[in-house]
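Here is a short briefing on charged side chains and one surface patch. Please keep the structure open while reading.

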Amino acid sequence: MSGCSTGERTSDRIGSDQRLPAEIWVLIGAAFVIAIGYGLVAPVLPQFARSFGVGVTAASAIISAFALMRLLFAPFSGGLVQRLGERWVYLSGLGIVAVSTGLCAFSQTYWQLLVLRSLGGIGSTMFTVSSLALVIRLSPVHQRGRVSGLWSSSFLIGSVSGPLVGGALAGLGLRVPFLIYAVALLIACAIVYLSLRHSTLAAPAPGGRAPELTFRQGLAEPAYPAMLWSNFANGAAVFGVRMAFVPLIVVETLDQSPGMAGVALTAFAVGNVLVLFQSGRLSDRFGRRPFLIAGALVCGVGTAGLGFAPDLLWLLAASVVAGLGSGMLTPTQQAALADVVGSTARSGPVLAGFQMAGDLGAVVGPVVAGVLVERFGFAVGLSATGALLLVAAVAWLLVPETLRRTDEQIHPADPAGVPTDDDEYQLAHRVAVEHMPEEDTPCRRPRSQPRGEPPLEAE
C-alpha cells in the first residue's frame, strides 16, 4: 500500500460517506407507488369480478390466478434477468402490469378480467425479481441492511395506505381504481427509466460479460438453503395464514365485528414499522444472524399465539409480536441475500428462487393450515405455521454469518485497523475505489475477488 495509503483512505471513506445513490431512492419511491396501487385495487377486485355474475369461488380465482402466475413465471423472469439485464426486465414488467391493469377497467366479461390479471401476475414477477437485483447492485456494500429496511418499509407503508385511499375513492366506481393504478405505474416507469438511463451504477458490465450465478451455485452457499426455508416460512405465516385466518378468528372465535379484523391486521403492521428500518440498519453493524434468528423466533411465537387468543386484546398483542418478528426477519433476509450474490454478478435464478420460496409459502400455507384448522382447531393450525419459523431460526443457527466485515467501524488513524484477512481487505478496497474521485483511480491495482466480484483492471 506504499504511496497510496489505501487502508486509511478505505476507512475514512466508508466511515464518512453515508449517502445513498439517487437511483436507490427512485426505486424505493417506485416500490411505494406499486404497493399503494396494489392496495388500492385489491379491495375492489372481488366485487368487480362478482359484478359479472359469477360466484364467490370464481371471484377468488381472480386473486389466485395473479399469485399463481407470479409463482410459475419466476424462473422465466430470472432467466430474462440473466440474458437482458435488470433494467429492461424491470421496465418491461412494470409496463405489462400498467397496461394489463388499465385494460381491466374496460373488461366486459369475467374471462377478460381473469386473463388480464394473469398477465399482470407475469409482469409482477418480472419487476419483483429485477427490482431486487437492482437494489442489490446499487446498494453500497456497507449499507445493504439499511437499504433493505428502507425498501421493505416503502412496501409496507404503501400496502397499508392503499386500502385507505381506495376507501376514499369507493364512490367513483369499481373501474376507476384500475385506471388510477395504471397511470401511477406508467409515471413510475418513466421516472425509473429516466433515472437509470445514464446510470453508471446500473449499467451492464464492460463488454457485456458480467459474471453469472446459477441456482446450483447458490445452493452451494451454506446460507442460501436457510434463506429459502425462512422465506418460505415467512410467506406461509405472514402473507398466507395470517391473512386467511385472522379475520376468521375475529368473527368466528372471538365473536367480534368484521371491522375488527382490519384492526388486528393493522396491529401487525404497527409491529413491523417499529423495527423494520432499524433492524436492517443495525444488521450492517452487528451481522445478519442475530436478527434472522431473533426475528424467526419472535414471529413464530406470535403466529402460534394468534391461534390461542381467548379475547381481542390477546389477538392484538400476538399480532404486534408477530409483526415485530417479521420486521426483524424481512429486511435482514434481503441483506443476507445481497451478501451471498454480490453486487456485480447477474443472479436472476438465485433471486427468482428466493421469491418463489415466499410465494410458494403464501400459496401452500393457507391450504395446509386450513386442513389442520378444520380437523383440530385454530390453535393447532397456527402453531404448525409458527413451527415453520422456529425451524428457520434453527437453520440460521447452523450456517455462518453472511456479512463480510469491512474496516468501516475502525478509526482511520489506528494502524491496527487495516484488515488482515484478504477477503476483508479486498471488499473494503473495492468499496473505497467505487467512491474515489477520478484523480484517485491510478491507485487501483489488480486483485482477486470472491465469486461474483470481477477483478478491477490495472490502469
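Arg288 and Asp339 form a salt bridge, with their closest N and O atoms 2.7 Å apart. The pair links distant parts of the chain, 51 residues apart: Arg288 sits in the loop between α11 (259-286) and α12 (289-306), Asp339 in helix α13 (residues 312-341). The model is predicted.

**Salt-bridge network**
- Arg288 also bridges to Asp284, with the closest N and O atoms 2.9 Å apart.

**The Arg70–Asp359 bridge**
- The count of salt bridges is 3.
- One of them joins Arg70 and Asp359 at 3.4 Å, N to O.
- Arg70 lies in helix α4 (residues 56-84) and Asp359 in helix α14, so the pair ties together parts that are 289 residues apart in sequence.
- Arg70 is buried, at 14% relative accessible area.
- Asp359 counts as buried at 15%.

**A buried arginine without a bridge**
- Arg242 belongs to helix α10 (residues 223-253).
- Arg242 is buried but has no salt bridge; Asp359, the nearest side chain of opposite charge, is 13 Å away.
- The Arg242 side chain reaches the backbone oxygen of Val238 at 3.1 Å.
- Beyond its neighbours within four places in sequence, Arg242 contacts Ala237, Pro247, Leu265 and Phe268.

**Nonpolar surface patch**
- Leu360, Val363, Val364, Val367 and Val368 make up a nonpolar surface patch, with about 370 Å² of accessible area together.
- Leu360 lies in helix α14 (residues 348-376).
- Leu360 is partly exposed, at 38% relative accessible area.

Notes:
Residues numbered from 1 in each chain as written. Predicted model: local features only at pLDDT ≥ 70, side-chain atom pairs only at ≥ 80, totals over all residues. Heavy atoms only, no water. Patch = residues over 30% accessible without salt bridge, like charges linked within 9 Å, V, L, I, M, F, W, Y side chains within 5 Å. Areas by Shrake-Rupley, 256 points an atom, 1.4 Å probe, with all protein chains shown as cover. Salt bridge = Lys/Arg side-chain N within 4 Å of Asp/Glu carboxyl O. Helix = DSSP H or I, 4+ residues; strand = E, 2+ residues; numbered from the N terminus. Buried < 20%, exposed > 50% of the residue type's maximum accessible area, 1.4 Å probe, protein only. Lys, Arg positive; Asp, Glu negative; His and termini not counted. Polar contact = N/O pair within 3.5 Å; in protein donor to acceptor, adjacent residues only side chain to side chain. Contact = heavy atoms within 4.5 Å.
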